Amino acid sequence: MAQYLMSVHGNEEEYAKVPEDQWPEMFAAVEAFNQQLQSDGVWVFAGGLQGAETATVVDASGDAPVITDGPYLETKEHIGGFWVIEVPDLDAALRYATAGSQACQGKVEVRPFQGEPETPEA
Amino acid sequence: MSSGAAGVERVFREEYGRLIASLTRRFGDLDIAEDAAGEALVVALERWPVDGVPPNPGAWLMTTAGNRAIDRLRRDKLRDPKHQAAAMIHDPTPHEPTGVVADDRLRLLFTCCHPALAPEARIALTLRMLGGLTVAEIAAAFLVQETTMGQRITRAKAKIKGARIPYRVPEADDLPERVGAVLAVVMLIFNEGYLASGDGEPVRAELTAEAIRLARLLHALLPGDLETTGLLALLLLTESRRLARVRGGELVPLDEQDRGGWDRALIAEGHALVRACLAADRPGRYQILAAVNAVHTDAPTAAATDWSQVAALYDQLTRLDPSPIVALNRAVAVAELDGPEVALAIVERLPLDGYHAWHATRADLLRRLGRSADARAQYDAALACCDNTAEASYLRRKRGELV
């Protein structure tokens, strides 16, 4: 089994243009998708994020930590939320990503986690 | 069979895809498979010229390569116990026929042509892993630096491993789409051979031959898939005209080709496949294009071509794929049926500016209508975006013949 990050990338300005009366439908679709992940036993974690304007960047790689306002990347497209799933292979992950993309009406990037969960040596 | 180096390499090339496919299933790693196959070749080059070619060279290579891979895994295990645990695209199922498909090469094809890989990487990986072409040969065929091509293949293999692209035939739901991706790769390999880009040879027969070999393999593995049958027929019927298609470095259009130079055996084989598709009556893109080529190769002379049949086939294709390129091909048949003026009216509406075949078709229709100045401008435009030396020579000659 392998774990994959499915992150939803989108333009927040575009998202903001979705009429409010369409929100309940989208929320319901995402909730149903979350339920599906759990009942299929592939759910690890998921969450929606607040807007990129709430992000803070910390850089402690130098002598003193530097804290700055704003998202790390100067771009219009940001991660709006993500799922972490555990499935046998990429084909399975792509099938869930397809359903997730339909539910949230956004582009979903599928990226494998490094390594596998450690199994104790026999 | 020759036991010299050339003979050994020919056998190796012939067996390469099978070797890699089977080793990858056993050892779960494309790199291990490639290294083991390469080591088996070295042993064969030493031994066969001395001992003679073994009675079953494929089985000999498989056994030798398998032993080398096991040796390597033992060494790696001594060095790093975690190394083996990290082996990836493993296939937990034992070696048994997966439905109708018993050949590991089909798994390998689907892995190499996975939609999660970049299209150019799919082509390169397929030629490397199934075709047994060297990185240098693939780089030369696609006019890129060997190091660039090497990186492209290495990156694709790293993604297969890292993202766990599975080593298996896709599930039934995904199969039609995934077969489509494999057929597209084979078609692109053929096209690059048939209408080669760049300043080198106008036709690269090694690529058309490799594409046909892959299409034959796919057809043998998926005999019930009609689009696969259609693609093989299309490639055979196109290939049958290859030798008549270029003369003195210049492209010879269909109506000027010496039909005596067409390969009758390939035509007979292609026609039989097209008939099988027609009998099944579930047309798809490649089947229809194969049928168009069957009409052309059926005609004893250019004048005897059944253009109404060609136009009807393109009408059928338009319903599946209403693209301007299909409309352009249909217009060529319309020109024969209804005259160049009607065809030109269709062609000029198509949004294909910058596509060499669009300009070349317009040029030809304008020439036939006696509009030399307009034709000349279109020959110029076609030449500006034409990337095949034989086609460019042909266009230059036609432009020079304008009065």
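Residues are numbered from 1 along each chain as its sequence is written, with chains lettered from A and ligands numbered from 1 in the order in which they are written. In this predicted model local features need pLDDT of at least 70 and side-chain atom pairs count only at pLDDT 80 or more, while totals for chains, interfaces and linings use all residues.

User: What makes residues 146-162 of chain B a helix, α8?

Analyst: Helices are DSSP runs of H or I with at least four residues, strands are runs of E with at least two, and both are numbered from the N terminus. Helix α8 of chain B has 17 residues. The expected span is 1.5 Å times one less than the number of residues; α8(B) reaches 24 Å from its first C-alpha to its last, close to the 24 Å expected.

User: Which residues of α8(B) are called buried, and why are they said to be on the same side?

Analyst: A residue is buried if 20 or more other C-beta atoms lie within 10 Å of its own, exposed if 12 or fewer, and partly exposed in between, with C-beta atoms placed from the backbone. In α8(B), Met149(B), Arg152(B), Ile153(B), Ala156(B), Lys157(B) and Ile160(B) are buried. They cover an arc of only 125° around the axis, so they lie on the same side of α8(B); the arc is that of the directions from the helix axis to the C-beta atoms. The face turned away from that side carries the exposed Thr147(B), Thr148(B) and Ala158(B).

User: What covers the buried residues of α8(B)?

Analyst: The cover includes α2 (30-51), α5 (104-112), α6 (119-129) and α7 (135-141) of chain B.

User: How do you know what residues 109-160 of chain B are called?

Analyst: The name comes from an unreviewed UniProt entry, which places "domain: RNA polymerase sigma factor 70 region 4 type" there. UniProt positions are given in the numbering used here, feature names are shortened, and annotations may be inferred rather than shown by experiment. In the model this span is 71% helix and 0% strand, with its end C-alpha atoms 13 Å apart.

User: What makes the side of chain B that touches chain A nonpolar, polar or charged, residue by residue?

Analyst: Residues are in contact if their C-beta atoms, placed from the backbone, lie within 7 Å. The contact takes seven residues from chain B and six residues from chain A. Those of chain B divide into five nonpolar, one polar and one charged. Ala, Val, Leu, Ile, Met, Phe, Trp, Tyr, Cys and Pro count as nonpolar, Asp, Glu, Lys and Arg as charged, and the others, Gly among them, as polar.

How values were computed: Contact = placed C-beta atoms within 7 Å.
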